[in-house]
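Here are my notes for a colleague who is new to this entry. Please read them with the model open beside you.

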Amino acid sequence: AFLMDRWMHRIGLHGKSFIPMLIGFGCSVPAIMATRILENRRNRLTTILVIPLMSCGARFPIYSLLIPAFFAVQYRPMVLLFLYLTGAALAIGGAKLLRGTIFRGETTPFVMELPPYRMPTMTGLWLHTWTRGKQYLKKAGTVILAISILMWAATTFPRSSKESLAGSSPSEAQVIRLENSVAGRIGKALEPWIQPLGFDWKVGTALIGASTAKEVFVSQLAIVYSLDDPDETADRLRNRLAEDYSPLQGLSILLFCLIGTPCLATVVITARETGSWKWAALQWGGLTFLAYIVSLLAFQVGQIIVG
């Protein structure tokens, strides 16, 4: 925090903001909770809003599925590095923009008091673990559970009739059920809006499922393509994706998954930590809009370059 303070001040943040942003590469939820170390509310809100732009661990299953599907072996490390750097660059730019507009104000100087370090005791560890775990379940667990149930219902109901499933294999029946569900119908309704990004209803439906947790995107695609277990049939799924989409479309999907629609737990913990759902709504809406614009530019400009 001390070493990064001078650099963080250039974008209007505090040196302590670097720690939560770094944690964001693991998971946005503890990263947002880690912003409690920031005394200034403007700095804290700014940091919370841009943390989801860091590539968390839940995005890695998406990267490990899509990058090998669309890019040759020699380009895969560069594409992965590009995604991580793009997220960090957008977080820095977003923080600079927020601190210059709605969170305008002086950045507090760096003052840090280091406590004496002592060997932790098992009693203290268990006590702090229990307290923090209880707080998390109390604050976020109930809301996350309720919305997760709603998302499950959206991908399950309404039930398909027996006549529509007649003669279908179990995997084909699963696809029909998803296509006729609320989520599938929303995906088809969104298709005219997401076609300029290179997406279709299949990707749209998978993105709806990914709103609960990013890694669900992979399992939703496996359902759409009638594949029972995405872990066992990853190569088959990659082959199907490579047949249906171009590398440019794959890059557009990767950028949208990097930037857009923070997961359910992130939205809930943002609302809890900021004390208002308006900041969670701003985070979700702002990042989704940014993802749409970036993916749109990447796909449309890419089409012009490719010819």
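1. A definition to start with: a salt bridge is a side-chain nitrogen of Lys or Arg within 4 Å of a carboxyl oxygen of Asp or Glu. By that rule, a search of the whole structure finds six salt bridges. K16 and E39 form one of them, at 2.9 Å from N to O. The pair joins distant parts of the chain: K16 is in the loop between α1 and α2, E39 is in the loop between α3 and α4, and they are 23 residues apart. Helices here are DSSP runs (H or I, at least four residues), numbered from the N terminus.

2. A word on the source. This is a predicted model, in which local features need pLDDT of at least 70 and side-chain atom pairs count only at pLDDT 80 or more, while totals for chains, interfaces and linings use all residues. Residues are numbered from 1 along each chain as its sequence is written, and side-chain values use heavy atoms, with hydrogens and water left out.

3. K16 is buried, at 9%. E39 is exposed, at 61%.

4. Next, E179 and K188. They form a salt bridge whose closest N and O atoms are 2.4 Å apart. E179 is partly exposed, with a relative accessible area of 26%. K188 is partly exposed too, at 36%.

5. K202 and D244 meet in a salt bridge of 3.7 Å, N to O. This pair also links distant parts of the chain, with K202 in helix α11 (residues 201-209) and D244 in helix α13 (residues 234-244), 42 residues apart. D244 is partly exposed, at 37% relative accessible area. Look too at R36, R44 and E273, which are linked in a network of salt bridges.

6. Now the rings. Rings of Phe, Tyr and Trp (its six-membered ring) pair if their centres lie within 6.5 Å; planes under 30 degrees apart count as stacked, over 60 as edge-to-face and the rest as tilted. The structure holds four aromatic pairs. F25 and Y84 make a stacked one, 6.1 Å centre to centre with 25° between the planes. F25 is in the loop between α2 (18-23) and α3 (28-33), and Y84 is in helix α6 (residues 76-100), 59 residues away. F25 is partly exposed at 31% relative accessibility, and Y84 is partly exposed at 25%.

7. Why is the pair of Y63 and Y84 edge-to-face? Their ring centres are 6.1 Å apart and their planes are at 70°, so the pair counts as edge-to-face. Y63 lies in helix α5 (residues 60-70) and Y84 in helix α6, so the pair ties together parts 21 residues apart in sequence. Y63 is buried, at 1% relative accessibility. F25, Y63 and Y84 form one aromatic cluster.

8. Contact means heavy atoms within 4.5 Å.

9. T270 is worth a look. It lies in helix α15 and is buried, with a relative accessible area of 0%. Leaving aside neighbours within four places in sequence, T270 is in contact with I32, I48, W279, A280 and Q283.

10. Last, the surface. F2, L3, M112, L114 and Y117 make a nonpolar patch of about 680 Å². Patches are made of residues with over 30% relative accessible area and no salt bridge; like charges are joined within 9 Å, and nonpolar side chains (Val, Leu, Ile, Met, Phe, Trp, Tyr) within 5 Å. Accessible areas come from the Shrake-Rupley method with a 1.4 Å probe, and for residues only the protein chains shown count as cover. L3 is in the segment before α1 (5-9). L3 is exposed, at 72% relative accessible area.

Technical notes. Helix = DSSP H or I, 4+ residues; strand = E, 2+ residues; numbered from the N terminus. Buried < 20%, exposed > 50% of the residue type's maximum accessible area, 1.4 Å probe, protein only.
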